[in-house]
Amino acid sequence: MDIFRTKSVEQSIRDTETPEHQLRKRLTAMDLMVFGIGVIVGTGIFVLTGQVAKEVAGPAVAVSFVVAAVVCGLAALCYAEFASTIPVAGSAYTFSFATLGEFPAWVIGWDLILELALAAAVVAVGWSGYFASMLDSVGLHLPPSIAGDDPVVNVPAVVIVLILTAILVAGIKISSRVNLILVITKIAVVLLVIVAGLFFVKAANYTPFIPEPVTTPRVEGLKAPLIQVLFGVSPVAFGVIGIFSAAAIVFFAFIGFDIVATAAEETVRPQHDVPRGIIGSLAVCTVLYVAVSLVVVGMQPYRQLSTSAPLSDAFTAVGQPWLATIISVGAIAGLTTVVLVLLLGQTRVLFAMCRDGLLPRRLAVVHPTFGTPARLTILIGLVTMALAGFVSFGELAELVNIGTLFAFMVVSIGVIVLRRTRPDLERAFRVPLVPLLPILSVLACLYLMLNLPLETWLRFVVWMVIGVVVYFTYGYRHSRRGAAVAGD
């Protein structure tokens, strides 16, 4: 069984030209950058800042954001090279097929299904909470059965996914315009937080900038981080080590830039615009995260920060509650764009897998009017609505994190492999210092994965075992690449 058969870069590009599976090229570098900012700036900037400053890093949380951005930047460089070389839908799945083979590509595609579908549903549930809270503030109260902490059906979450699914079916350019409006809204709110917050910053709140380290209680059982289980390393809060521990947490505020690569096939000048979109969105978000974290820890002593709504609560604490309402609006806009772009990324990954025959090909047919994979988009929308409306997630959200880090590792390895196997390929963007930077990316991602709980690893392994079964019972037998190899 040749499960490591690769699909050439040339064949991947030819597959994008078949009429029934051809996506329309309408996106620019600015569109891609806005998509990236849309998915990155979400709950991380509105929640994680206060939580991590109070419990792990203190005022030095801004340094933690920089460390996390460097780790993401290493992976972003690898994504940028691949996307400029293989401008095809599918992101890490497509890159893996060209370098490591069909089975590794299936594994990474199955992993991305877990990452994107679950993330979209989780964020939709978070959106529902902010939406219900905003309605409460103006005197409109939704029944607990449809929008409480434990609803029978989370109706607002279902409705927002339904609306965004319809927008994605209508076309990629319409999706980018809606995303642009929402991104402008939330960036305006973030800038308001930074500018208004500067008037309430006190220098004394930055001292000590790096608090004395404190050993936190060991976590037992399945909830213990894998690094503790394997090496007996106890978690440490604050101090220099606390900065890096915090980076492992705030790293997840950056995830999503990789979704820009899934839209490469719909970009007018992918070789140049996709790298700009990936790196540009990451750079903008890093500046915003660092600025917001410095302002928030300057407004309040870090031990007094809220862990649920640090930005709005900080303004309430300094006697400016009206700004809390505006921040809630920004949070709703922010989470809406996150759900939109996650759904977009999910459809494009599955589109590539269906087009290759690893999943039913009829799902990858492009709508003649809209130019989008409408069937697949509707199917994913229905699944996400079901998850968001009826499933209680809790710690399952951590599966999103491990799935993302695994994808980053595979792409980083793939860059090294493709440099050796196809040095002749034209690369509009090249990762510097290969293989050093990709290896550093792999090691950094592995370190962060080791900080995730043991139960998250177990769930991840179970999901991957299910994926292997699906591959050998369906994907391997229906693979277009397998049929082509057999024909040769």
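In the predicted model, contact between helices α4 and α11, taken as heavy atoms within 4.5 Å, involves Val63, Ser64, Phe65, Val67 and Ala68 in α4, which meet Ile243, Phe244, Ala246, Ala247 and Val250 in α11. The residues of this contact divide into nine nonpolar, one polar and no charged, where Ala, Val, Leu, Ile, Met, Phe, Trp, Tyr, Cys and Pro count as nonpolar, Asp, Glu, Lys and Arg as charged, and the others, Gly among them, as polar. The axes of α4 (residues 61-85) and α11 (residues 239-250) come within 8 Å and cross at roughly 60°, which makes α4 oblique to α11. Axes here are lines fitted to C-alpha atoms, for helices over the stretch in contact, with angles running from 0 to 180 degrees between N-to-C directions; angles under 35 degrees count as roughly parallel, over 145 as roughly antiparallel, 65 to 115 as roughly perpendicular and the rest as oblique. The crossing of α4 and α11 is right-handed, meaning that the near helix is turned clockwise from the far one by less than a right angle. Helices (H or I, at least four residues) and strands (E, at least two) are DSSP runs numbered from the N terminus.

Residues are numbered from 1 along each chain as its sequence is written. Because the model is predicted, local features need pLDDT of at least 70 and side-chain atom pairs count only at pLDDT 80 or more, whereas totals for chains, interfaces and linings use all residues, and side-chain values use heavy atoms, with hydrogens and water left out.

The structure holds 17 aromatic pairs, a pair being rings of Phe, Tyr and Trp (its six-membered ring) whose centres lie within 6.5 Å, with planes under 30 degrees apart counted as stacked, over 60 as edge-to-face and the rest as tilted. One of these pairs joins Tyr93 and Phe97, whose ring centres are 6.0 Å apart and whose planes stand at 65°, so the pair is edge-to-face. Tyr93 and Phe97 are four residues apart in helix α5 (residues 92-99) and are thus separated by about one helical turn. Tyr93 is buried at a relative accessible area of 0%, and Phe97 also counts as buried, at 2%; buried means under 20% relative accessible area, exposed over 50%, and partly exposed in between (1.4 Å probe, protein chains only). Trp110 and Trp463 form a stacked pair, with 4.6 Å from centre to centre and 15° between the planes. Since Trp110 lies in helix α6 (residues 102-137) and Trp463 in helix α18 (residues 454-478), this pair ties together parts that are 353 residues apart in sequence. Trp110 is buried, at 10%, while Trp463 is partly exposed, at 23%. Both tryptophans belong to a cluster in which ring pairs link Phe103, Trp106, Trp110, Trp463, Tyr471, Phe472 and Tyr476.

Several backbone features fall in loops. In the loop between α16 (398-421) and α17 (436-450), which contains Pro435, the peptide bond from Val434 to Pro435 is cis, with omega near 10°. Leu433, found in that loop, has a positive phi near 55° although not a glycine, and counts as exposed at 57% relative accessibility. A further cis peptide bond, with omega of about -5°, joins Thr207 and Pro208, and Pro208 is placed in the loop between α9 (172-198) and β1 (214-215). Ser91, in the loop between α4 and α5, likewise takes a positive phi, of about 55°, but counts as buried at 2% relative accessibility.
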